[in-house]
Amino acid sequence: MLKKKLPALAILLLICLLGLLLTGCGGEQSDDTKEPASEQTGRQQADQINLAGGDWGYPNPYTYYPRGPGSRKMSLVFDSLVTSDTGGNIQPALAAEWQSNKDGLAYTFKLRPGAEWHDGKPFTADDVIFSYEYAKSYPPVSAVDLTGVKKMSAVDDLTILVELIQSDPNFLAGLAGLKIIPRHIWENVTDPLNFVAPGAAVGTGPYRLVDYSKEHGTYRFEASDKFWGEQPRVKVLAFIPASEDILAFEQGEIDRINITPDVLSRFESNPEYRVMQYETTWAYRLYFNMKNRPELLSKDLRRALVYAVDRRDLVEKVERGAAVPGNPGVLHPGNELYNPDVPQYPYDRQKAEELLEGLGYQEKADGGVRQNSKGEKLSFLLLADEGSSRLGELIKQQLALVGVEVRVQVVDQKTRDDRFKNGDYELCINGSGGGESLEELTNLARARATSATGETMGYKNPGLDSLYSRQEKETDPARRKELMAELQRIVAEEVPKITLYYRNTLAVHRPAVYDGWSEETYHHDQRINFVKD
Amino acid sequence: MKNIPAQPVKMIKWFHDFSWSGKLSAAVILAILLLAVFAPGLSIHPHNTSTGAPLQPPGGKHLLGTDELGVDLWAQICYGARVSLLVGLGTAFLAALGGGLVGIIAGYLGGWPDKFIMRLIDIMIVLPDFPLLIVLAAFLGPSLLNIIVVLALFSWVFPARITRSQVLALKEQSYIKSAETYGAGAWYLMWKHFLPEVFPLVAVNMIRLTGRAIVSEAGLSFLGLGDPTSKSWGLIIHHATSFKGIYFTDFWKWWLLYPWLALTMMVTALAFMSRELERIADPRLGGRRFSVH
């Protein structure tokens, strides 16, 4: 009897469930009319802040994963002599003050007296010299560019003397990348890439690492009472797993999230929340591998592709409007060095097709793919990670309209980063905060060890290279701006890479929990949110 | 369904024996089959290029709305049916063929080949298949063929067990014994006697395997391990669920709901269908036996 009724029952249940789903979740609950928004500043101190976790590697200079979140967590624990703020100005850190001699060939740094390592040992000039030497024999995850340094020596326990080969306006910025590690712990470490012993996260920074789980992607940092600066405003910083950001935030499990414009209305009008908006230089870029596909060395082919990619459409669809379409001159329009007078390549399919035809790709073979008289097809493999798979999909659609075939290959982020670094792709979408890098278009010999920016494979332009090194050495701001404007013009003319768009960020938090979030940075885990440096 | 012998009268008879849920399931399966076959005709819009504004609600130009790239959802579901059916039927066919052969060999030969095959089947049954599927799919790379082969690799054990037990019973029948004494070879017996006997049961099992394969493919696609170029239902669900904050917008009401509904309907229908046929085919469940000769 029951057996016969079972199927009928199951269907009935299904229908009920469906009905429930439709009615249950249909209505938007809004009860935000209780009280008018009072102009209040939220709490500037907090005992604990929880943020969405994820594994970004063990937070020391050798073991974090080469992406922003990894390096920012490492920076909570480790300090450098000087730091550069969001405006690019150099600020004191472990070095309280410094001066250079007249010809700019020697710098003297006075270290902060009384600074201590997390394990209670005093911090001295010895540690700085050791860190410098160590970084030379074992390059850390983020390459330190101190090639201009001739000699670094300790004058006394709290004084460092640095001699340069030639005067270099970027010396201090380079020095900001050198994280100081304790000599007494690292002295005998010969395999730093695998050094994750308990002492491996002993630094001088505002936070000490209390717990890290690679498997769960969780971190726990506690404010260090040994910190040389002002006490951090947040005592405990925890990164915990959160599968659905918004849900976890609404339930108070995590304290700040990024949102999309679609859910903005949910938080905007509610006085319990505060939404902060940022225009960022975090950009998605399309890279050409001219080594693997030499036809991409043709400027006109690259230009045709730029004309055929509707960057505005990408912004509207993939980012739901919350982005700034990419500038062919690479720099964000908000950058003070931005040059608006560069070729802009508005979306123009006809122009793209004309250019392609001019290159001999006239016939359309099966499936509407263009080919030249030799039968070489305009067909490319596009490497994308999961986060940019839809972006790849849309580019594929757009390029198909002008007869260029794109096959999208989606891999996970770490694989994409790895293949990008090794040049194992034809076209590649990569996105990072290094959205304004002009350096990656040059062939200047220097360590490029970040996954954020890479070398533009196979692209060589000596004029660009020399211009780039000239602007790097230029000390006069006005002259540097001119050089940068010229650089942008050349880059926009040549389009060795396409900047697709710069992402805007909407972040939401509860002022009643903690309101010390910085206007300067859109990264929740950035040190500046919790510590005054 | 196409595996049921093409004797119209008998088919109608069986259909008459179906309970109403069986009939409904048959109708659903038939409808989805038609959807898959006539996908190009049924959808006005292309399934792989955007034809409208992103995230349009159902109604108007787009019957079931559009996804975030502005691609028509109805077209995607029509074409998705093709992928799902291809994976389902392909896997079931491969598994039934392979499993059936292995089962017959094990049952007929007996001795150590039988023991070996049975232990192998035991191991395969104990292995948790989905985690292994994930590993294999990630390892072999995303392609539809790989998915079908991998799914078949994990599905052949069920038909193999069924056929083996059938063959073991048949082997002792007197007509087989007499055929053997007249000099019938292994192949002859297989084709003439074993296969026709075990076919109905395997066919029923195939339907169940089809459902399983469709769900597994959807699961893999949902996890992002499917073939990104073949727009299956699982992939639509994957894209919808990876859209940030979809549950806090209205978009899930079409973008997620309809592919989910299609998938659920298909799998439920297949499950009921296999129950129904099992009832008819297996005398122990109170139905009457059907066979092809």
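Modeller: Between chain B and chain A an area of about 2,900 Å² is buried, 65% of it given by carbon and sulfur atoms; buried area here is the accessible area (1.4 Å probe) that two parts lose on being put together, summed over both. Of the area that chain B buries against chain A, 26% is supplied by L69(B), K244(B) and F248(B), more than by any other three residues. This is a predicted model, in which local features need pLDDT of at least 70 and side-chain atom pairs count only at pLDDT 80 or more, while totals for chains, interfaces and linings use all residues. Residues are numbered from 1 along each chain as its sequence is written, chains are lettered from A and ligands numbered from 1 in the order in which they are written, and side-chain values use heavy atoms, with hydrogens and water left out.

In terms of contact (heavy atoms within 4.5 Å), 31 residues of chain B meet 31 residues of chain A. The count of salt bridges between the two chains is three, a salt bridge being a side-chain nitrogen of Lys or Arg within 4 Å of a carboxyl oxygen of Asp or Glu. K231(B) forms a salt bridge with E393(A), and the closest N and O atoms of that pair are 3.1 Å apart.

The elements that give two or more residues to the side of chain B that touches chain A are α2 (20-37), α12 (252-255) and α13 (257-281) of chain B, with helices (H or I, at least four residues) and strands (E, at least two) taken as DSSP runs numbered from the N terminus. The largest share of that side, six residues, comes from α13(B). By residue class the side of chain B that touches chain A divides into 16 nonpolar, nine polar and six charged, where Ala, Val, Leu, Ile, Met, Phe, Trp, Tyr, Cys and Pro count as nonpolar, Asp, Glu, Lys and Arg as charged, and the others, Gly among them, as polar. Chain B as a whole has 13 helices and zero strands, and its C-alpha trace spans about 75 × 45 × 30 Å along its principal axes.

Turning to chain A, four strands form an open sheet of mixed pairing in the order β1-β10-β9-β8, where two strands pair if DSSP finds at least two bridges between them. In this sheet β1 (46-52) and β8 (207-213) of chain A stand at the edges with a single partner strand each, so one side of each is left without a neighbour in the sheet. β1(A) pairs with β10 (residues 234-240) of chain A in the parallel sense over six bridges, and N50(A) stands opposite A238(A) in β10(A). Helix α2 (residues 68-77) of chain A lies across β8, β9 (218-223) and β10 of chain A, running at about 30 degrees to β9(A); axes are lines fitted to C-alpha atoms, for helices over the stretch in contact, and angles run from 0 to 180 degrees between N-to-C directions.

Another open sheet of chain A, antiparallel in its pairing, has four strands in the order β4-β5-β7-β6.
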